[in-house]
Structure formats: structure tokens, C-alpha cells
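User: I'm new to reading protein models and would like a hand. Could you walk me through this one?

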Amino acid sequence: MKAESSSIPVVQRRPGEQQFAEELSELAKVDSRQKPPRWNLSPWAVVSYILGGKLDNGFIVVPKYIGQRRLIEIAVATLATDRALLLLGLPGTAKSWVSEHLAAAISGDSTLLVQGTAGTAEEAIRYGWNYALLLAKGPSRDALVPSPVMRAMEEGTLVRLEELTRVPADVQDTLITILSEKTLPIPELASECRAVPGFNLIATANNKDRGVNEMSSALKRRFNTVILPPPETLEEEVSIVQMRVESLGRALELPAEAPALAEIRRIVTVFRELRDGKTADGKSKLKSPSGTLSTAEAIAVVSHGLALAGHFGDGTLSAHDIASGLIGAIVKDPVHDGVVWREYLETVVKDREGWKDLYRACRDHA
Amino acid sequence: MTEAVHLFGVRHHGPGSARSLLRALESLAPDCVLIEGPPDADELLPLAAKEGLEPPVALLVYRTDSPRHAVFYPFARYSPEWQAIQFALSRALPVRFIDLPQSARLRDESEAGAEGPSAGEDPPEARSDALAPIARAAGYDDPERWWDHLVESRSGKDAEVFRALRELMGAVRNEIDADPPLLERRREAFMRKSIRAAMSEGFQRIAVICGAYHTPALDPMPTAKADDAILKGLPKVKTAAAWVPWTYERLSYQSGYGAGVESPVWYELLWERRTARGAEWLSRAARLLREADAPISSAHVIEACRLAETLAAVRERPAATLAEYRDAAVAVLGDGSPTLMELIGRRWYFGSRLGTVPADFPAAPLVRDLAAEQGRLRLPPKADEKTHDLDLREPLDRERGSLLRRLRILGVEWAVPAAGGVRSRGTFHEVWRLRWQPEFAVALVEASRYGHTIAQAAIARIVEAAESARTLPELVERLEDVLFADLPEGVAPLVNGIRSRTAVATDVLQLLDALPPLVEVSRYGNVRGTDVAQVSEILAGLIPRLFIGVLPASIGIDEAAARLLWSKLKATHQALITLDDASYREGWLQVLERLSGSESIQALVRGYAARALYDAGRLETAQLEQLFGLALSTGADPTDAALWIEGLLSGNGAVLIHDDRLRGIVDRWLRSLSQEHFTQILPLLRRTFAEFPPAERRIIGGKFKGGAVAARDTEHSGDFDVAAARAVIPILKQIWGIGGDS
């Protein structure tokens, strides 16, 4: 570990199973509970990996998700029943993050991934062809290029599908046979690919723009749905931001020291107040900006500020370092959001005790 | 403690406790069964074995001199106490209640009054609090859930659980809850006393069934002397008891009875089904969802079952419980969102079961009479709400209507008028919403002092009310119920009561309030064939008084009082016009004439009177024009002028659209104004006209311009909140300096 941190890392961000390899191996050591076929860990150990805690041998597992325990339990139990899992939530509610770590803990591999877009084609879910081989030798198993889904079926691992509702509806429906029959027909070869036990799929989707490509009810029925809510309390959100900023800071080698909790709490408070449309004490109403102001964006603001502080400032996070990131995150539409932000600045930030520096910094940036 | 006494600590309404208890009782074969419950109801115990007594039922214990002070002891089929009673009765063993009698507990007003009718339970917080630290130590955040896993969801094969519980509770009470309140100490002292009594009678194997919380206090026992000291000097009141039907909803803790049953229906499943509970539980949810038009297939139910069981495994629990089934239902049936499950939540968790008590059980005669009536009229009590549309031309429906009204007179609100009013479907129909609630048992017992049949009691209740009511409207409100309850003997006292109060009523507003319902009764009464002659008599006494009283009541009042009077005058006008009696009509118009003509009458009322007269054809256009000019002349107070015109138009702009003569008057008057006067009066006119919908205003404006505007009233007329706008007027007045609030 030490040698690694002094040298330049090979990749910008390593997948979960590498980043937390030590945790996974420690968990595997103490895990004596029953495992579903081809699972690296038991459901209990997977839940512990995601939610964190102290193992019997004293090893401390960092929480990956801060929120309701029952949601993670439902998600893990779903995967154990070989039903597909659909994670719904607003942007920035850690859907992809949770799905990555579920795959990392269960299959030890979170890299089988299909990114759903409006242009996602059937090949991305089924298989494509190596046309040179196809033309030279005709259809054969060698000429077939399997998709991540097909590889997961063959290897009995988890595959992830991001933004399922962005995928055109007819392409979505190719999943139905795969999920219900656990098989992928290959009519060109008069054959099929049957899923090995351990195969399963985690899809994520944004439940606010559900209208993009509404899932058919036939497909919906193949999923158990878990909705990941925005953080319930200020404290919860603050600890999420702090945890992520610390790990990001390490990954990105930011020179600044970890930010004070107070600074994070201030940013999260601004985000929550604008998102909820009222001040934290519930006394005055506020306009909400057009953006979603998710926890993920709060994390971005803090790490942006940290970078500024480290490279251009004195190494500690100050109001000036976060002001530009804050404004950038909130003012997405210069006209409407600009008014919202100025109102917030003048009516809330200005008069709040101990926020003078933030007010001045934001004024300077305006 | 001696060998003779065997303690069984249970949880009230715990199916696991009940199952373990039965097994333990079978192996013990006791010769006497003692149960934590009210000795006041000992005599009713043998009835529990009678056919027709279907749980959920409750023992109602009440003070005979004041039935409002009452306590319920509810039992479900799976209550350990119920099973113990059945066990004893089926073997002809002596069975007794050993809790502190309610005759010593239903003492004074303050104590029982504060709690209201309550369930005969341990104070729930005492037990939960006591268990909380242990539940936490066991890794559960909810003590109820912990208990559920440990005791209620077990298969019930081991009697050992009782010994374990006793030790556990002993530890709890030693360490945490060492000093129980006086009432608890008295209850336990009485239990010990009862146990000693049974021992001295020579019983060899005494089974004692009580809340687990009490077990440590019953073993070892302190001396009899110490207990006597605690129990000394307890007051005593006379009590009576009865079996009454109960509902599952009341067993749940959401209704505040502290019985600690999250879902009585689930517990019933735990008790009755040994296998496939989850399948049945989720299938019920699926059925309810389908009734609510949610597309739920059997495949959904299968997947939800599998998820719930896996979830239990992930949570390392031996079997899936309510929490797992709920989570699974949300994830599979509800697409991740709890909204759909909340839709059926109540019916799924509580069901609509209502227990039954045979008609021949000892009960207040009134209760029996009601049961007989309900049977005769085929109107059985139901725990879920049902709407009944009674056709009053049918004799059966008319009698049903009478029964419902009689019960309302007795304070049993079994029937409430359906949304939109009881006569929303015309004069021959009455629409009621019916829902039986167990607490009606108390109201019925309380009403028993009025008589032995519903009809008798209702009459007696009316007679009492006629004597004791303070205000006239209070009595008039009842008149409708009484007339339509088909209680001719009740009408006379009530009418006399109303008449005597009419004579002495000094407040004309009360008379105004009383008139419209009386008129309505006299009109609808004829439809129903009720004799409403007496109502006409009342009217004959009331109307002249009203005519006399209105005038003085309209002088020297402020705007708020005028508005109140105005609204009542409108209702009265409507009532008197529909009454269709020439002399009343003539008298009323004369009153209006006096109201419109006198300067001293409040302006709003004056304006309204002018309008009413004009509508009735008593005021010629020229006369109205004169009044108009008078009221809005330069010399008149601007505020009065504005009120007058508001009264005249009475919130209705349409009249200016359709009545050319009236519009002509306004038009001529407006044209005649000097510029100064116009400027002065403009804000006041605006205030009146602003209340009309925009579309109406546009048409009025067009009409005044001379050209007829195409009626575009289909257009949205705007959501203009007049009341809210009015609220800012005083402030605007201040800002613009238009004078005070008057």
C-alpha cells in the first residue's frame, strides 16, 4: 500500500473490488455463512461490506452506503433470489455506486457494465459479430462477440445496466427472455447461451424522468425495485459527503488536508435548503433552482474546493475556495437560477451567524 | 412458592404465547385456572363457552351509577387468556379472574375520565420500557419485534419458554423497574391474595395466567399480611359487566388501546395456519390490490414470498415476519414505493372483522332491543363503512331510517349523513354512511337509564333535552331527528320546549337560525307522512316574533354583525318565500319595506332589503332609483354607500347583465355623478364589483358601454380568493389614508 501511494497510480479510479480488496478479503476470512452459488461472499457479508462495521476480528469495514439498512438488505436478498434488481432514484442518490459495490462484493468483478443511452442497440445486450471472421468463415461461435450481459451469463456473475430507462423500449425488452428464462437464444447458430447459476442483473434508472422510455410491465415484473431516497437528515448527508470527499481526495491525490466538518455541513445545508425550498429551521420559504442539487454534486463542490485550496490556496478549505464551485453547481440556468441564488444569498446567507465569509466570497464571485 | 401454583407469563393477544400455554396446560392438567382479568366479570366467564360468542369480543366493565366510566378487556381467538378460559370451561374446571377488581379502580371522575374507556391492559409503556434494554442487547431496535421473534413466532413446542420469561422478567424488574407504581403493586397484591385463596381451598395444581411482567411479583410471595396492608382501605363502587362485540381495528395499537398488536389479521394467521402463512398473507394483499385496480399477478405473489424468505435469511431470522413481508411487498408489488401498500394498509393489517355476542346473553335490555331491531330490519352492524340509500316510500327503509335517527338521538352515531347531505338524492331518499364502532357499547349502556327499548329511551332523552337545552337552535336541530325518527310521543315535549324558548328568546339571531330548519321540516314532513301540524304551530308563534325583532336588531350594528345578520336574512327570506303562506309573505315584505326605508338601519341590510323587495315586485323601478340616489348621494357616508350597493347586488353581478332596468338605474346614476364624487366613490364600487368573476365583469362593462358583448362566460373566470383579498383592505386603507376601519 505504501509503495503504491508514493508512485503515480496506474489508473485514475480503480473499480470497487480493487479499491477495497483488503476489506473484501478480510470479510471472506470471517464469513462462514452460507453462500448462494458462485457468490464470493454470503449475503450477510455483502450487507456488511456495503453498510460498513467492525468485524469480529477487529477489522473495520468502511461504509459504502449511508442510509436505511433495510434497503440494502432488500437489494441483497433480491439478488440472492435470482430476481433482477432495479435501483431507482434521483440523480446522485448513489444508485451506480451501490450497484458497483454490490457487483464487487458478490462477483468480485464490477466491470461487466452496459451504459444505457438512447443509442444503446440490441448488440450491447445480446451479442455482436466480428464481421471479418463472419465473412471469412460464416457464422460460428468464434465470430460472435458477446456483450457484457452474455459474458455474465456464461461466467455466472453480476452484470450492471446503467440508466435502463434511457434505452429504447424495444431494446429493453430483449432483457425479458434473459431475465425470465435465463437464456439468450442465438438463432444464427441455432443455439443458445444458458445462464450459469450466479448470473444476475442490476439495473439503475432515474425515477424522475421515467417518461423517457417507460419500462413495459412485462419487463418491470422481472425486477424487484428498490428506491434509493435522498439522504433523510442533514447529518446523514454530511457524513456521506465527508466520506466520499476523503476517498476522492486520496484517489485524486489532492494536496489539501481533509476539510473541516463545519465547511461540509455548510455546503450541505445550502444544498438541502435550496432543494427543499425552505430554510433548515422551516421558517422561511425559498425558491428552488432548476438543477437537482444532489448529494453527488455537493461532493463535487467540496472536492473542487479542496483542489483549489491545495493548488492555489493555503491548503485549508476556505469560503473562497468553495464559492465558485457552489455557484457553478446551483446556477445552471443563468436567468432563473441566478435570481434564486441572489435571493438566497441576500436573504439567508447574509444574515446567518458565522456565514459572513461565505457571503463575501460569493458576492466577490458574482 | 408451593408446588401447587404454576405461573404462565404471557403477552395479551400473543398467538405464540397462546400456543405454548395450551401445550403447557395440557401437560400440567390443572385443577383450577386463574387468569389476570376483572373479578367483576367472573359470572360472565361460563358464557365464553356458549355457541355464538365469536371473538373478537370484549368484557365491558362499567360503573352502574355512571356507565361512562367503563373499561374494556378485549379478547381475540388467539389471546392466551381466551384460550385458557376455553381450556378450563371445556374440562369443567373452576376458572376465575384475579386482577384487582374494577370496583376498586373505577373510582373518581378525574382518573377514569382522563383515560376514557380503556382496555384492561398493563400500561403498555411499562412493559415496553422494561423490555427495551434487553431487546437492544439482543440487537433489536423494537422491543415488540424482539418479543415477536422470541415468543410469538415460535412453533410453541416448548413449555420452557415460560420459565425463561419469568427469569428474564425477574431480572428486568430487579435491575430496571424496581419500583412499580402503586396501582401495579395493588394489582399484584390482589393477584397474590386470590392465589392464596385458591390454595387454601385445596386445589393441587393451580395454573395462573397473567402478563409476563407480573410473574416475578407472584413468586416468591410476600406475607399475606403485607398484601392486606397494601389493599387496605380501597374504595368500592358498584360495577356491572357484559360481553360486547369488538373489532380487530381496536385491537391494534394504532387506535391507542395499547394492546401492542401491529396487525391482528397477521396474528390470526399465525394462530390458525401452521404452513404457508406468507403465501396467504401476501395473497390477501394481492387481492386487496386487485380490488384497487392494481395489476398484480400470482407471479408477483410468488416472487414476493421468495424475497421475504430470503430477506429473513439475510437478516438471520428463523422465519419471515411482518417486516420482511412488508419490505418484500413494497419491492415486488409496489415497484419500490410504499404508496401502493399504504393504499391497502388498513384493510390488509386490520381487516374488518367484528365479533358477535349472542342475543340471549345478559345485557342491558336496551342492547337486546337494538339487536332485535337490527335483526328485524336486516341491518346488521358492520365494522367497515357502508353507504345506505334509503327509499322512504318503502316501509322497511322508512323504519330503518327511524332506527338510525333514534340511535342518533341517544348519542350512538352509527349513521352519519353521507357526503352531500342526507337528502342529496331528493325528498324520497335518505343517504347514510353506517359504521359500527365497539365504543357504541358504552353509549348504549349509558343510554339504558333512559329506557328499555330504543324508542322509549329516545323519547326520554328528548324530554330531558327539551327541559335542559340552553339555546333554541340546539332544540331545533333535534327536531328533524325526532320528527323523522317516528316518535310521535317525543314531538310534543320538544315542540313545547321550542315554543317556550321562542317566547323568551331575546336574541333575534337565534330565531332567525331556527326558522329555516323548521320550514324545511314542515315541507319535508309532509312528504314523509309525518304529522307536522305542531311545527306549523311553532312557526305561527315564531314568525311574528321574528318580524318584530328584526328591525331593532338591524340598528346600530357594525359591519361584522351586519354581515352575520345579512346571511341569516337571506336564508330566512328563502325559507319564507318557499313556505308559500300569503300572510307570512306579506308580513315579511312589510318588514323588508321598513328595513329598506329607514336611515337608521345598517346600510348593508338596507341595501339587501331593497333588493329583496325589488325582486319580489314590491318596489317599482322609480322607487328603487330614488333609494339608490339617496344611498349613494354625496352627503352619504362613503363606506355606508359601498355597503348599501353590496347589499343591493348581494354578491351577484348577473342581475346587472340580465336586468336592463336595474342596469339602467346604475347607469343613470353613474352618469349623473360629478367628477369629484366619482373619484370619491370609485374605490368603493370597485370593492363590490371586484368580487364578481372576471367574465361577469367583462360582460357588465360591455353592457354599460352600450354594445352587447358576446357572452364568453365559458372562459375561465379566474381563481380569485375574495376572502383573502378582503383581508388586505384594512392595510391598503391605511397606506392610502382612506380613513379607519369603520
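User: How many residues of chain A are in contact with how many residues of chain B?

Analyst: Two residues are in contact if their C-beta atoms, placed from the backbone, lie within 7 Å. Here 20 residues of chain A are in contact with 18 residues of chain B. Some ground rules: this is a predicted model, where local features need pLDDT of at least 70, side-chain atom pairs count only at pLDDT 80 or more, and totals for chains, interfaces and linings use all residues. Residues are numbered from 1 along each chain as its sequence is written, while chains are lettered from A and ligands numbered from 1 in the order in which they are written.

User: Which elements give two or more residues to the side of chain A that touches chain B?

Analyst: Elements come from DSSP runs, numbered from the N terminus: helices are H or I with at least four residues, strands are E with at least two. On this side of chain A you'll find α4 (43-51), α5 (69-80), α12 (217-220) and β11 (223-227). The largest share, 7 residues, comes from α5(A). Sorted by class, that side has 10 nonpolar, 5 polar and 5 charged residues. (Ala, Val, Leu, Ile, Met, Phe, Trp, Tyr, Cys and Pro count as nonpolar, Asp, Glu, Lys and Arg as charged, and the others, Gly among them, as polar.)

User: At what angle do α5(A) and α13 of chain B pack?

Analyst: Picture each axis as a line fitted to C-alpha atoms, for helices over the stretch in contact; angles run from 0 to 180 degrees between N-to-C directions. For α5(A) and α13(B) (residues 298-314), the angle is about 115 degrees and the axes are 8 Å apart. Residues that make the contact include Ile74(A) and Ala77(A) from α5(A), and Leu307(B) and Leu311(B) from α13(B). An α-helix has 3.6 residues a turn, so residues three or four places apart point the same way.

User: Why are α16(A) and α18(A) called oblique?

Analyst: Angles under 35 degrees count as roughly parallel, over 145 as roughly antiparallel, 65 to 115 as roughly perpendicular and the rest as oblique. The axes of α16(A) (319-330) and α18(A) (356-365) come within 8 Å and cross at roughly 55 degrees, so the two helices are oblique to each other. Their contact includes Ala323(A) and Ile327(A) of α16(A), plus Leu358(A) and Ala361(A) of α18(A). By class, the contact has 7 nonpolar, 3 polar and 1 charged residues.

User: What is the strand order of the open sheet in chain B?

Analyst: Two strands pair if DSSP finds at least two bridges between them. The order of this 4-stranded sheet in chain B is β1-β7-β2-β5, with parallel pairing. β1 (5-10) and β5 (95-97) stand at the edges with a single partner strand each, so one side of each has no neighbour in the sheet. On average, neighbouring strands are turned by 20 degrees against each other, direction ignored. Inside the sheet, 4 bridges join β2(B) (32-35) to β7(B) (206-211), and Val33(B) has Ala207(B) as its bridge partner.

User: Which residues of helix α2 in chain B are buried?

Analyst: Buried means 20 or more other C-beta atoms lie within 10 Å of the residue's own, exposed means 12 or fewer, and partly exposed is in between; C-beta atoms are placed from the backbone. In α2(B) (80-90), the buried ones are Pro80(B), Glu81(B), Trp82(B), Gln83(B), Ala84(B), Ile85(B) and Ala88(B). Their cover includes β1, α1 and β7 of chain B.
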